[in-house]
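I am keeping these entries as a record of what I looked up in one chain. The model goes in first, then the notes.

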Amino acid sequence: MAEMTEEEADALDELWTKTTPKIKVGAGGGFFSKHRAQMVLLDEQTARILNAKAMSVRQTPSEFVTQMIRSEIVHTRHL
C-alpha cells in the first residue's frame, strides 16, 4: 500500500474530523444486526489454536466453532 503524503493525510484527517457519518434508519442495519453476530474475545493462544484447527478442515473459525457446538448439542441429546 502506498504511503500518503503529508497533504493527503491532512486532507483525510480534516474530512473525517468535520464529516458526520450518515446513518440510514431502517436500511436493514449493519453486519452485526444482519447476521446476528456477536463479538467474542479470545486469548491469543486460544485464537491461534482455533485458527489452526479451522484451517486444517478448510473452514472459517466461525464455521468451525458452529460445527463443534452443534456436534456437542447432538452428542448431549443422545446421553
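Entry 1: I began with Met4, which sits in the segment before helix 1 (6–18). Helices here are DSSP runs of H or I with at least four residues, strands are runs of E with at least two, and both are numbered from the N terminus. Met4 is exposed, at a relative accessible area of 51%; the classes are buried under 20%, exposed over 50% and partly exposed in between, with a 1.4 Å probe and protein chains only. Together with Leu12, Leu15 and Trp16, Met4 forms a nonpolar surface patch of about 450 Å² accessible area. A patch takes residues with over 30% relative accessible area and no salt bridge, joining like charges within 9 Å and nonpolar side chains (Val, Leu, Ile, Met, Phe, Trp, Tyr) within 5 Å. The areas come from the Shrake-Rupley method with a 1.4 Å probe, and for residues only the protein chains shown count as cover.

**Entry 2: source and confidence.** This is a predicted model, in which local features need pLDDT of at least 70 and side-chain atom pairs count only at pLDDT 80 or more, while totals for chains, interfaces and linings use all residues. Residues are numbered from 1 along each chain as its sequence is written, and side-chain values use heavy atoms, with hydrogens and water left out. I noted a mean pLDDT of 83 for the chain, with 78% of its residues at 70 or more; pLDDT is the predictor's confidence in each residue, from 0 to 100. Which element has the lowest mean pLDDT? Helix 2 (residues 31–35) does, at 65, and helix 3 (residues 44–56) has the highest, at 95. Where pLDDT is low, the predicted coordinates should not be read in detail.

**Entry 3: whole chain.** I found four helices and zero strands, in the order α-α-α-α from the N terminus. Of the 79 residues, 4% are buried. The accessible surface is about 8,000 Å², and carbon and sulfur atoms hold 59% of that.

**Entry 4: salt bridges.** How many salt bridges does a search of the whole structure find? It finds two, a salt bridge being a side-chain nitrogen of Lys or Arg within 4 Å of a carboxyl oxygen of Asp or Glu. One joins Lys18 to Glu14 at 3.3 Å, N to O. These two residues are four apart in helix 1, so about one helical turn separates them. Lys18 is exposed at 63% relative accessibility, and Glu14 is partly exposed at 44%. Arg48 is exposed at 51%, and Glu44 is exposed at 58%. An α-helix has 3.6 residues a turn, so residues three or four places apart point the same way.

**Entry 5: helix 3 and its ends.** Helix 3 has 13 residues and spans 18 Å from its first C-alpha to its last, close to the 18 Å expected at 1.5 Å a residue; the expected span is 1.5 Å times one less than the number of residues. At its start, a side-chain oxygen of Asp43 comes within 3.2 Å of the backbone nitrogen of Gln45. After helix 3 comes Arg58, with a positive phi near 55 degrees. Most residues other than glycine have a negative phi. Arg58 lies in the loop between helix 3 and helix 4 (61–77) and is exposed at 81% relative accessibility.

**Entry 6: Glu63.** I placed Glu63 in helix 4, partly exposed at 43% relative accessibility. A polar atom of the Glu63 side chain lies 2.8 Å from the backbone nitrogen of Thr60.

Conventions. A polar contact is a pair of N or O atoms within 3.5 Å; within protein, one must be able to donate a hydrogen and the other to accept it, and residues adjacent in sequence count only if both atoms are side-chain atoms.
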